[in-house]
Amino acid sequence: MKKIRYSEITPEKIYINRRSFIKSIGIGAGSIAVTSLPFTNSALSKEDDKHTSFKDITTYNNYYEFGTSKSDPYIKSQNFKTNPWNISIEGEVDNPIKISMEEISETLVSEERVLRLRCVEGWSMVIPWMGFSLSKLLSKVTLTSKAKFVKFESVYDPDQMKGQRYPVLNWPYKEGLRIDEAMHPLTTVVTGLYNKKLPNQNGAPLRIFVPWKYGFKSAKAIVKIELVEKMPTSSWMWASPREYGFYSNVNPNVNHPRWSQATERVIGNNIFAPRVKTLMFNGYGEEVANLYAGMDLKKFF
Ligand code: MTE
């Protein structure tokens, strides 16, 4: 009998997920031994998994506080003052705290986490972040039983951030996660990239990174984390609720009302390179799909 390859009898998507699972348990190349989760999206080919260059990661940014063009953050954030910096963790907690950046770096160890960023605009990068799970930072407080969602707030400082002098968004930048999403080990507090201190344009001194959601969910330069009972309204939901939902999971089957989300342009590839297929949950489905079991992701976009 002719031998049939596994890939011939399995729909492509499942096959790709199998590959990613094999890598995630540490058999394949590229998994990081020190951590229990696969911080590289192994569902993509080697070529697509190539780290985006430091230059591209730090000069092609979205950070509306410094302006709306891609080069504004790099050009206009260089003198932004990130020291001293404090973050408050408050709301539905028994013991609200205000914690300094020094205390965070002294008590929580950052590790390298290579994670993919998929922007809602249709481009992507592979970024060697430095950071730790948000759950570790949240373990410094005791949540009340009403803590159902987490709300993030970025800094408000129109003297230093000229973009905030214009009502492009309802400043300060606000984002949110459901508590189980926030506690997922892949939800990362970022402190650096390429083994260096986080550049201002990428959200220094501290930003959130949620790899299976569109990039705008990952708020930069956060100063406040609030545990809340009701689903918070993010700045983007407030700006255009028809286009930006609370969940904003990367989903090639749910288009943005104005464009398709089926494919993406890999930043750093030459301009003639074809776009690549966008993967459900940005390729992290093995890890996070269970958070949405039974939910209609067209409705909860
Ligand atoms: N956070 C704040 N405070 N302000 C912003 O404008 N832009 C978001 C997100 N976080 C943004 C933000 C968007 S749209 C994206 S795609 C990512 O940051 C980009 O992160 P990067 O510049 O580090 O690649």
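This is a predicted model: local features need pLDDT of at least 70, side-chain atom pairs count only at pLDDT 80 or more; totals for chains, interfaces and linings use all residues.

Author: Residues are numbered from 1 along each chain as its sequence is written, and side-chain values use heavy atoms, with hydrogens and water left out.

Reader: What pLDDT does the protein average?

Author: The average is 89, and 84% of the residues score at least 70. Over residues 1–36, however, the pLDDT is below 50. That stretch has 29 contacts in the model beyond near neighbours in sequence. pLDDT is the predictor's confidence in each residue, from 0 to 100. A contact means heavy atoms within 4.5 Å.

Reader: Why is Ser110 called partly exposed?

Author: Buried means under 20% relative accessible area, exposed over 50%, and partly exposed in between (1.4 Å probe, protein chains only). Ser110 has 27%, so it is partly exposed. Ser110 sits in the loop between α5 (101–107) and β3 (111–118). Helices (H or I, at least four residues) and strands (E, at least two) are DSSP runs, numbered from the N terminus.

Reader: What makes the link between the side chains of Ser110 and Thr191 a polar contact?

Author: A polar contact is a pair of N or O atoms within 3.5 Å; within protein, one must be able to donate a hydrogen and the other to accept it, and residues adjacent in sequence count only if both atoms are side-chain atoms. The Ser110 and Thr191 side chains are joined at 2.7 Å. Ser110 also touches Met130, Gly131 and Phe132, among others, not counting residues up to four places away in sequence.

Reader: How do you know that β1 and β2 pair?

Author: Two strands pair if DSSP finds at least two bridges between them. Strands β1 (residues 86–91) and β2 (residues 97–100) have 4 bridges and run antiparallel. Ser88 has Lys98 in β2 as its bridge partner. The two strands form a hairpin, with 5 residues between them.

Reader: Which residues are closest to the ligand?

Author: They are Asn61, Tyr64, Glu65, Ser218 and Lys220, out of 17 residues that surround the ligand. To be near, a residue needs a heavy atom within 4 Å. A polar backbone atom of Tyr64 is 2.8 Å from a ligand oxygen atom. Arg207 places a polar side-chain atom 3.0 Å from an oxygen atom of the ligand. Taken alone the ligand exposes 530 Å², and the protein buries 98% of that. Accessible areas come from the Shrake-Rupley method with a 1.4 Å probe; for residues, only the protein chains shown count as cover.
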